[in-house]
Amino acid sequence: MERARTLFPGGVSSPVRAFRGVGGEPFVVDRGKGSRIWDADGREYIDYVLSWGPLVLGHAPDRVLEAVERAMRKGTSFGIPTELEVELGERIVERMPHVEMMRFVSSGTEATMSAVRVARAATQRDVILKFDGCYHGHADSFLVRAGSGVATLGLPNSPGVPDALAALTVVAPFNDLASVESLLRSYSVAAIIVEPIVGNSGFIPPDPAFLPGLRALADAHGALLIFDEVMTGFRIAYGGARERFGVTADLTTLGKVIGGGLPVAVYGGRRDLMERVAPAGNVYQAGTLSGNPLAMAAGLATLELLTPDVQSRMTRRTERLVQGLREIAARRRVPFTADSAGSMWGFFFRAEPVRSFSDAKTADVERFKRFFHAALERGVYLAPSAFEAGFTSDAHSDADIEETLGRLDDAMAAAG
Ligand code: KE4
């Protein structure tokens, strides 16, 4: 880390990794396999961060490694169409038929910024509406009251984003349809962009009427609806938010899981919208490594292994983990609320359920910090921020879950 700090800001390649939200020094990881990771000193952890979501099959699954190996022997990149990208695209459409046409990019940020560009072009409007505490990557327009690392570091917004640009982003509280409606009346909004379940302020599910309400309000005001499923995609249901909530977005962004740990993300949706993207249309977007064959191979192998049975097995284990934590907190009289959807989960040290980022901010962050370190000392790696979601994988066995609950019971006592 000393060497890293002379090379990289904060010694990290992404802010959330720096443990600024929990204090102390990040560990340096050496390797991972299944549900476990080992640090450079050989300490072993059960991993519930899983590279912030991508590793839905756990670390280094044999079938994914073999697929990447096969692909790399044929070359690591071409910048030429390959069959692999077609195959992964077809897998995605099979799961999410509302993603009629798509474009591969290399990060969630690229996906969301491109989806917003398409929406602005299609509606010829400039303003976008996002939600307080939601994080859609670090493109300028999204760094307005964002979640994830922005919230973790307590940054109000971000210097370097021109006021003129930030003014084109309006923000509503999550789960607050009245606020959305009043903003849609006051501004000519190109698109509403939302995490269907917020994973970047901790784990915050939508009220039942919220997503259908956004759909109706968007339609009533000529705005498009973008579901940012970079985190929820292929985690909260086999077919994502549309399957779980029955609401169809005009554009959807995906990432993380579809790359199996390699850099892949996607924006896509209605064909009439996506046909506006160059070279079919005139909305420009491009990328040297988009559709990279190694990343396509990893994503394909991952989705092929992510069957409905695997999905329901992970859901069951995640529910067991969350219910177990609720029981531990109740027994220890610790104010606590937790929830999950598929293989995505989260908790807050607060008695009442959390419905918005302002609720999340009232949770006991100091207790979270103590709990995080007590868990880490006992070999459980949770996200080093009170404003992140947790994940499980198909590699997290029933025994891992039971082992985790024993260790976290102890950690909750130690956290006082
Ligand atoms: P990337 O540009 O980091 O690949 O994706 C941005 C993004 C977009 N949308 C959602 C819903 C996301 O959760 C993310 C990225 N998530 C964070 C952690 N919650 C990535 C971790 C990091 O920033 O290092």
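Colleague: Which residues does Leu 214 touch?
Modeller: Leu 214 touches Phe 131, Leu 177, Val 180, Ile 192, Val 194 and Leu 225, leaving out residues up to four places away in sequence. Contact here is heavy atoms within 4.5 Å.

Colleague: What am I looking at, by the way?
Modeller: The model is predicted, with local features needing pLDDT of at least 70 and side-chain atom pairs pLDDT 80 or more, while totals for chains, interfaces and linings use all residues. Residues are numbered from 1 along each chain as its sequence is written, and side-chain values use heavy atoms, without hydrogens or water.

Colleague: Which residues touch the most other members of the largest nonpolar core?
Modeller: Leu 129, Phe 131, Val 180, Ile 192, Val 194, Leu 214 and Leu 225, out of 43 residues. Such a core joins buried Ala, Val, Leu, Ile, Met, Phe, Trp, Tyr and Cys through side-chain atoms within 4.5 Å. Buried is under 20% relative accessible area, exposed over 50%, partly exposed in between (1.4 Å probe, protein chains only).

Colleague: Which element gives the largest share of this core?
Modeller: H8, with five residues. H8 spans 210–220, and other elements giving two or more include strand E5 (127–131), strand E7 (189–194) and helix H7 (177–186). Helices (H or I, at least four residues) and strands (E, at least two) are DSSP runs, numbered from the N terminus.

Colleague: Switching to the ligand. How many residues surround it?
Modeller: 17, and the closest are Ser 14, Thr 109, Asn 200, Asp 228 and Glu 388. The cut-off is a heavy atom within 4 Å.

Colleague: How much of the ligand does the protein bury?
Modeller: 87% of the 540 Å² that the ligand exposes alone. That is Shrake-Rupley area, 1.4 Å probe.

Colleague: Where is the cis peptide bond?
Modeller: From Ala 278 to Pro 279, with omega near 0 degrees. Pro 279 sits in the loop between helix H10 (271–274) and helix H11 (293–305).

Colleague: And Asn 175, buried or exposed?
Modeller: Asn 175 is buried, at 9% relative accessibility. Asn 175 has a positive phi of about 70 degrees although it is not a glycine. Its loop runs between E6 and H7.
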